[in-house]
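Student: Could you take me through one part of this model up close, a pair of strands that sits inside a sheet? I'd like the cut-offs spelled out as you go, and some idea of what surrounds that pair.

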Amino acid sequence: MKKIKGACRCGKFTYELNKPPVYAAYCHCTECRLRNSSPCTSFIMGLVNCLVVAGEHDLYSEASGSDSTLDHHRCSCCGTVLYTRVNKLENIVAIPSATLIDESVFQPVEHLWVQSKLPWLEINDGLPQRSGPPKLPAGLLSK
Ligand SMILES: [Zn+2]
Ligand SMILES: [Zn+2]
């Protein structure tokens, strides 16, 4: 299989994912919007033991709406978040899809947290819309 690769804006922090994503979606939550200065975010999830990163990065931790902690790993130079660990999802890493070098890797299945979607943002891609968090396959939830 072709390796999935990504990089930050300045190119100093990079990753490779050795297996295909296990999930992908758009998120309309307020936290994601502010963190990324964007009207919504898009991300893939992969298995943490398939992620290999290189380059200097630091950590920004925050509490999330669904009673968990998010650890965002971002480039020490340009600040782009390349991956996020959710403390409730021990096996999983979330990766902003905008960092993917091959953008076709992102194949979203749904929209999340549409209850906090910006009113001027229209969704017309026909994908399911959830008011809250994803319903991940049981096998992915270790805790
Ligand atoms: Zn960078
Ligand atoms: Zn979000």
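Tutor: Let's start with one bridge: Met-45 is partnered with Ala-94 in β9. Before going on, keep in mind that this is a predicted model, where local features need pLDDT of at least 70 and side-chain atom pairs count only at pLDDT 80 or more, while totals for chains, interfaces and linings use all residues. Residues are numbered from 1 along each chain as its sequence is written, and chains are lettered from A and ligands numbered from 1 in the order in which they are written.

That bridge is one of five that join β4 (residues 41–47) to β9 (residues 92–96), and the two strands run antiparallel. Strands here are DSSP runs of E with at least two residues, helices are runs of H or I with at least four, and both are numbered from the N terminus. Two strands count as paired if DSSP finds at least two bridges between them.

Now zoom out to the sheet. The pair sits in an open, seven-stranded sheet with mixed pairing, ordered β6-β7-β8-β9-β4-β3-β10. Its edges are β6 (57–64) and β10 (110–112), each of which pairs on one side only. On average, neighbouring strands are turned by 30° against each other, direction ignored; the axes are lines fitted to C-alpha atoms, for helices over the stretch in contact, and angles run from 0 to 180 degrees between N-to-C directions.

Setting aside neighbours within four places in sequence, Val-93 is in contact with Met-45, Gly-46, Val-48, Leu-51, Tyr-83, Thr-84 and Arg-85; contact means C-beta atoms, placed from the backbone, within 7 Å.

Val-93 also belongs to the largest nonpolar core, which has 27 residues; Cys-27, Phe-43, Leu-82, Tyr-83, Val-93 and Ile-95 touch the most other members. Such a core is a set of buried Ala, Val, Leu, Ile, Met, Phe, Trp, Tyr and Cys residues joined through C-beta atoms within 7 Å. Buried means 20 or more other C-beta atoms within 10 Å of a residue's own, exposed means 12 or fewer, and partly exposed is in between, with C-beta atoms placed from the backbone. At least two core residues come from each of β2 (14–17), β3 (23–27), β4, β8 (81–86) and β9.

Among contacts between residues at least 6 apart in sequence, 56% join residues at least 24 apart. The secondary structure comes to one helix and 10 strands, and the C-alpha trace spans about 35 × 30 × 30 Å along its principal axes.

How values were computed:
Contact = placed C-beta atoms within 7 Å.
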